[in-house]
2 protein chains.
Amino acid sequence: MKRSERLVDMTKYLMERPHTLIALPFFAKRYGAAKSSISEDLAILKHTLASNQDGVLETVAGAAGGVRYIPFLGQKHAEKYLSDLSSRIEDPSRILAGGFVYLSDILGDTQDLRRIGELIATRYAYEDVDAVMTVETKGIALAQAIARYLNVPFVTARKRSKVTEGATVSVNYISSSLSRVSKMELPTRALKKGSKVLIVDDFMKGGGTLTGMEELVKEFDGTIAGVCVLCEADFDKEKLINNYLSLVKISKIDTEKKLILAEPGNFLDETDFDRF
Amino acid sequence: MKRSERLVDMTKYLMERPHTLIALPFFAKRYGAAKSSISEDLAILKHTLASNQDGVLETVAGAAGGVRYIPFLGQKHAEKYLSDLSSRIEDPSRILAGGFVYLSDILGDTQDLRRIGELIATRYAYEDVDAVMTVETKGIALAQAIARYLNVPFVTARKRSKVTEGATVSVNYISSSLSRVSKMELPTRALKKGSKVLIVDDFMKGGGTLTGMEELVKEFDGTIAGVCVLCEADFDKEKLINNYLSLVKISKIDTEKKLILAEPGNFLDETDFDRF
């Protein structure tokens, strides 16, 4: 196979398997090419991705070495995307009763989910995440998008029992919007004991649901890689959670004046784009 | 930019935007290259994808022409994947009470979702699908995976009212597993009137839930591009629906003997892999 064909196939192969170490001999065999040729191919790939700031090809040296594709969105891309997203969220037709904001169009748009997934996967690329966790229903799209770019499984906690998932572990948490104790659960077989878990959700008001997921992770003897939400309502009362990242922060919703103010959240400040 | 670099970037760019027509002048400008060079690049890309049988680069001639990347999984890949998937589903530890099967690991595995998404997107590549529809909760991962490869939005019907989605349209349907009338609903703004909709779900017993989604599509003056499920329980009583595709067919579940029999469903027979 010629270099030009190898480059097309290699790009596709690596993009489909983020964070997976591929040994050079694998490619050498796949293309019937010398390892030195493969090394040159990979140098071209690495250089091209780097100059676009939208992906990183990581080289691992040594006998057990190879290359690994790390989905990555550079700082300028990230700033522009979150600024655009905030403007779109300021559309007053999104205002719903109870201080909620309609986000289902964004959470159902595959191009938005690609950007959001790449972005959050950039922040947690080197946190050794074993699984992404969310709670039904609207966080699922977000969890799946991030899991795709970290190439790890995602699991969905439920707020009510489902007959189709077998034995579960359940926890209680304070549902802040209702100021009462609620229950959430996860099938025992869904998560390996001791996993490092990234907790995500679409919308955060008081943060009660996120604390519920933190409790669940503890019940599985796991550790928390981070907590990240698409949108936080910053005007809301005290938070039940401290360490979290938000892509977008909504500082005001005025139902009468049909006004909604949104801006990029703390995600950009808390992400070290230069480490790539 | 050199050809080798152009090929890497072009492959990535096209893969990220399936089913989107990209005009040649766009690439010519992006790379500062002559249109004739871009045409040669695209010929290499097309040839490489075709020989792997896992993607198609479609060329559209004329003034408004360009190229379009169509995610595609060739017949041999498809047969192998569905045969493997069926074997994995036969694992007796998946059997749950009530004739259900634990599939959440598959529906939370990003590599499985990639294959499943590519496969179903292959079948409906030329059906002019405007949106993918599912019903909460476990169908969401499937809908998102397919929507990604068709590059269309996906929408989620709910079985109960959510405060965070505004006005909804609701329908009644016969929930076959419960033999009673249930309700499902979709936000009015979630789906454009007159859309052509692909209906999907993770697991089908009697098909009642699928008929509910068909009713919803009608309420939005839409048409149905197709109905496709990951798994159907073939041993179950009469179906409430006729025209549907299934990737995997479960013909027997014996809870006492801890036995589950699965095989590829009618999807392979109903897909014309040669048209690509």
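Visitor: So, is A:Phe27 buried or exposed?
Guide: Buried means a relative accessible area under 20%, exposed means over 50%, and partly exposed is in between (1.4 Å probe, protein chains only). A:Phe27 has a relative accessible area of 0%, so the word for A:Phe27 is buried.

Visitor: What kind of model is this?
Guide: Residues are numbered from 1 along each chain as its sequence is written, chains are lettered from A and ligands numbered from 1 in the order in which they are written, and side-chain values use heavy atoms, leaving out hydrogens and water. Local features need pLDDT of at least 70, side-chain atom pairs count only at pLDDT 80 or more, totals for chains, interfaces and linings use all residues, and the model is predicted.

Visitor: How many aromatic pairs are there over all chains?
Guide: Rings of Phe, Tyr and Trp (its six-membered ring) pair if their centres lie within 6.5 Å; planes under 30 degrees apart count as stacked, over 60 as edge-to-face and the rest as tilted. Over all chains, that rule gives a count of 10.

Visitor: Which kind of pair do the rings of A:Tyr13 and A:Phe27 make?
Guide: You need two things here, because a pair of aromatic rings is described by the distance of the centres and the angle of the planes. For A:Tyr13 and A:Phe27, the centres are 5.9 Å apart and the planes are at 80°, so the pair is edge-to-face.

Visitor: Where is A:Phe27 in the chain, and where is A:Tyr13?
Guide: Helices (H or I, at least four residues) and strands (E, at least two) are DSSP runs, numbered from the N terminus. The pair ties together distant parts of the chain, 14 residues apart. A:Phe27 belongs to H2 (residues 24-31) of chain A, while A:Tyr13 belongs to helix H1 (residues 3-15) of chain A.

Visitor: What angle do the planes of A:Phe26 and A:Phe27 make?
Guide: The ring centres of A:Phe26 and A:Phe27 are 5.6 Å apart. This pair is edge-to-face too, because its planes are at 65°.

Visitor: Which residue lies over the face of A:Tyr13?
Guide: A charge sits over a ring if NZ of Lys or CZ of Arg is within 6 Å of the ring centre and within 35 degrees of the ring normal. At 3.7 Å from the ring centre of A:Tyr13, the residue over the face is A:Arg17.

Visitor: How do the axes of H2 and H3 of chain B cross?
Guide: Axes are lines fitted to C-alpha atoms, for helices over the stretch in contact, with angles from 0 to 180 degrees between N-to-C directions. Helix H2 (residues 24-31) of chain B and helix H3 (residues 35-52) of chain B have axes that come within 9 Å and cross at roughly 105°. Under 35 degrees counts as roughly parallel, over 145 as roughly antiparallel, 65 to 115 as roughly perpendicular and the rest as oblique. So H2(B) and H3(B) are roughly perpendicular.

Visitor: Which residues in H3(B) meet H2(B)?
Guide: Contact means heavy atoms within 4.5 Å. From H2(B) come B:Leu24, B:Pro25, B:Phe27, B:Ala28 and B:Tyr31, and they meet, in H3(B), B:Lys35, B:Ile38, B:Ser39 and B:Leu42.

Visitor: Where is B:Leu45?
Guide: B:Leu45 is buried, at 2% relative accessibility. Leaving out residues up to four places away in sequence, B:Leu45 touches A:Val8, B:Met10, B:Thr11, B:Leu14 and B:Leu57. The place of B:Leu45 is helix H3 of chain B.

Visitor: What is omega for the peptide bond that joins A:Glu136 and A:Thr137?
Guide: Most residues other than glycine have a negative phi, and most peptide bonds are trans. A:Thr137 is in the loop between strand S5 (131-135) and helix H6 (139-150) of chain A. The bond joining A:Glu136 and A:Thr137 is cis, with omega about 5°.

Visitor: What is the phi of A:His19?
Guide: A:His19 is in the loop between H1 and H2 of chain A. A:His19 is not a glycine, yet its phi is positive, at about 60°.
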